[in-house]
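Please read it alongside the structure shown here.

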Amino acid sequence: MPVIRPLNNARRHAVIGSTAAALLLSGCGADVATGGKNSEKVTVKRCGEPVEYTVPKRAVAYEGGSADKLFSLGLTKHVHGYVMPPANPPVSESPWASEYAEVKKLSEDLLNKELVADAKSDFVVAGWNSGFSDQRGITPQILDKLGIQSFMHTESCYNYPGFPEKKKPFEALYTDLERLGKIFRVEEKAKKVVDELREREKAVASKAPKGDPAPVFLYDSGTDQPFTAGNQVPPDDIIKKAGGKNIFSDLDERWTQVNWESVTKARPEVIIILDYGDKPAEKKIEFLRKSPQTKELPAVKKNNFFILDYNEGISGPRNIDGLEKFGEYMRNLER
């Protein structure tokens, strides 16, 4: 089977698929509460911690998944800007490219406290240890003391200190959209978006191949030791719902390092390559074809590579785009 490269397909998908879905998701914008209701507080969970929020007016989003969640809810006017490290694909490839064009690109570096303060932001969306970090001095608690509201991706909450919360990756995505809908007072819009995504998810799952699921290895990066996906990140659900089995689904981790011996022992029949800016997919495939540890794997010998776009692999609405593409791939897989 030839290498499937959805990065190119993503551009076509943005015309014939994702854009149509994005239109359904973003519509003509959401009616955010106005007047006195904007200053009223509503309690919403931030991971497992109940937090009071007022409607944000100058949100800062870290990476594509955060911005996509806000844009999908029609909240562009409430987004001041975004921080997009180089690993992220160009925002011009996003189904919400026009929304990105309406807000500021604040940085191509990692999220930091000074950037948020300089932007006079009143709301920051990021993940725990993915944007927010004790080591880099930007945490929800630090922002609380500065009077800046924050929200964390539920997908990243499973080991959040003090207030952990654990949900399956797709359920975490839907939870985020519902919670953001409540914070911005667009619950009805959020329900429509989530219902649409759930229907698309169910449609793929209903057509998944029956029988023994094909073992699938997600290769993020690494030569001495591979970096891969545990069961706390979206690719685990993408693989499962499409009819495969993540060979590391027993790891209660997000993105994690393993060893090549465990990959070899699992004998994956499909390898998903996570494609992002500074680590192009072609070089990863070339390495797997030449490495003595991987060149004899069934997936490599059969050329069963599927390329997953970065923003389809991190928590965000584009997870379902990735699921649909991988679902089609798995339905056509010859075993």
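What percentage of the contacts in the chain with a separation of 6 or more is accounted for by residues 24 or more positions apart? Such residues account for 70% of those contacts, a contact being heavy atoms within 4.5 Å. The model is predicted, with local features requiring pLDDT of at least 70 and side-chain atom pairs counted only at pLDDT 80 or more, while totals for chains, interfaces and linings use all residues. Residues are numbered from 1 along each chain as its sequence is written, and side-chain values use heavy atoms, with hydrogens and water left out.

**Overall composition**

- The chain contains 14 helices and 14 strands; these are DSSP runs numbered from the N terminus, helices being H or I with at least four residues and strands E with at least two.
- Of the 335 residues in the chain, 58% are buried (buried means under 20% relative accessible area, exposed over 50% and partly exposed in between, with a 1.4 Å probe and protein chains only).

- Burial covers 12 of the 15 residues of α7, including Phe 170, Leu 173, Tyr 174, Asp 176 and Arg 179.
- Helix α14 has 13 residues and reaches 18 Å from its first C-alpha to its last, close to the 18 Å expected.
- Because 10 of its 13 residues are buried, α14 is largely enclosed by the rest of the structure; among the buried residues are Asn 319, Asp 321, Lys 325 and Tyr 329.
- The axes of α7 and α14 come within 11 Å and cross at roughly 145° (axes are lines fitted to C-alpha atoms, for helices over the stretch in contact, with angles from 0 to 180 degrees between N-to-C directions).
- In this contact, Phe 170, Leu 173 and Tyr 174 of α7 meet Asn 319, Ile 320 and Leu 323 of α14.
- The residues of the contact of α7 with α14 divide into five nonpolar, one polar and no charged; Ala, Val, Leu, Ile, Met, Phe, Trp, Tyr, Cys and Pro count as nonpolar, Asp, Glu, Lys and Arg as charged, and the others, Gly among them, as polar.

**Asn 319**

- Asn 319 is found in helix α14, residues 319-331, and counts as buried at 0% relative accessibility.
- Its side chain reaches the backbone oxygen of Glu 312 at 3.0 Å.
- Leaving aside residues up to four places away in sequence, Asn 319 touches Phe 170, Leu 173, Pro 234, Ile 238, Asn 311, Glu 312, Gly 313 and Ile 314.

**Aromatic pairs**

- The count comes to 15 aromatic pairs; rings of Phe, Tyr and Trp (its six-membered ring) pair if their centres lie within 6.5 Å, with planes under 30 degrees apart stacked, over 60 edge-to-face and the rest tilted.
- Tyr 82 and Tyr 100 form an edge-to-face pair, 5.1 Å centre to centre with 90° between the planes.
- Tyr 82 lies in strand β4 (residues 79-83) and Tyr 100 in helix α4 (residues 97-102), so this pair ties together parts that are 18 residues apart in sequence.
- Both Tyr 82 and Tyr 100 are buried.
- The ring centres of Phe 217 and Phe 248 are 6.2 Å apart and the planes lie at 70°, so this pair is edge-to-face.
- Phe 217 belongs to strand β9 (residues 214-219) and Phe 248 to the loop between β11 (244-246) and β12 (255-257), so the pair ties together parts that are 31 residues apart in sequence.
- Phe 217 and Phe 248 are both buried.
- Ring pairs link Phe 217, Tyr 219, Phe 248, Trp 260 and Phe 287 into a cluster.

**Loop residues**

- Cys 47 has a positive phi of about 55° although it is not a glycine; Cys 47 lies in the loop between β1 (42-46) and β2 (49-53) and is buried at 1% relative accessibility.
- Arg 185, also not a glycine, has a positive phi near 60°; Arg 185 lies in the loop between α7 (169-183) and α8 (187-206) and is buried, with a relative accessible area of 16%.
- Asp 278 lies in the loop between β13 (270-275) and α11 (281-290) and is exposed at 52% relative accessibility.
- Asp 278 and Pro 89 are 189 residues apart in sequence and 9.6 Å apart in space, C-alpha to C-alpha.

Methods:
A polar contact is a pair of N or O atoms within 3.5 Å; within protein, one must be able to donate a hydrogen and the other to accept it, and residues adjacent in sequence count only if both atoms are side-chain atoms. The expected span of a helix is 1.5 Å times one less than its number of residues.
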